[in-house]
Amino acid sequence: MADEERRLTKKGQGDILAVALWMALQEYQFDVIAASPLARAQETAAIIAGTLGKPDAVATWESLIPGGDPDTVCYEVSQFPADSRVLIVGHEPLLSTLISRIISGEDGAGIVMTKGGLAKIRNFSFESRPSGELHWLITAKQMAETGALEFTAKKP
C-alpha cells in the first residue's frame, strides 16, 4: 500500500480521539484545521474537528505533504487574520522543521514532534520571514499523564 493511502490503525484512531477529547477539555477551538491530503492526516483532522464540534473547519493543504516546503505552509497560515487559530495536521519531519523555522529562523532547532503531539505558537508573523514564539509543546504521553486524557479516552 502506498504511503498516501495508509490509514490510521484502530489504536491510532483511539489515540487521536483521546487527544481531541483532551483539547475539548482545554476548550481549544480552531478557525481552520489544515490537513495534509494523505489519508491518515485527513482521518486525524476529521476526528479532531468532529470532537470539537467544527466538522466544517477542515481544509486540505497540498503543502502539508511529506517533503512539503515550510515557507509555503507559513504563507498559507499568513492568509488568515492575525488572531486566527490554525491547527496543522501533517507529517514528520515537516512539522518539526516548520516549528524550528518559525521560532528560530533555522531548520534544526532540535524540535521533535511525536504522533499526536501538539505545539502552540504565539505571535506568528510572515512579514520578512516566518517568526513566532513557542508557547508550549506537549506529547500525547504528557497529555495522558495529566489524568484528563486517561479519563476522556474511556468515554464512548
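Me: At roughly what angle do the axes of helix H1 and helix H2 cross?

Reply: This is a predicted model, where local features need pLDDT of at least 70, side-chain atom pairs count only at pLDDT 80 or more, and totals for chains, interfaces and linings use all residues. Residues are numbered from 1 along each chain as its sequence is written, and side-chain values use heavy atoms, leaving out hydrogens and water. Helices here are DSSP runs of H or I with at least four residues, strands are E runs of at least two, and both are numbered from the N terminus. The axes (lines fitted to C-alpha atoms over the stretch in contact, with angles from 0 to 180 degrees between N-to-C directions) of H1 (residues 10-25) and H2 (residues 39-51) come within 9 Å and cross at roughly 35°.

Me: Which residues of H2 make the contact with H1?

Reply: Contact means heavy atoms within 4.5 Å. H1 brings Gln13, Ile16, Leu17, Ala20, Leu21 and Met23. From H2 come Glu43, Thr44, Ile47, Ile48 and Thr51.

Me: Is His91 buried or exposed?

Reply: You'll find His91 in the loop between S3 and H4. Among the residues it touches are Ser36, Leu38 and Pro66. Its relative accessibility is 8%, so His91 counts as buried.

Definitions and conventions:
Buried means under 20% relative accessible area, exposed over 50%, partly exposed in between (1.4 Å probe, protein chains only). Lists of a residue's contacts leave out its neighbours within four places in sequence.
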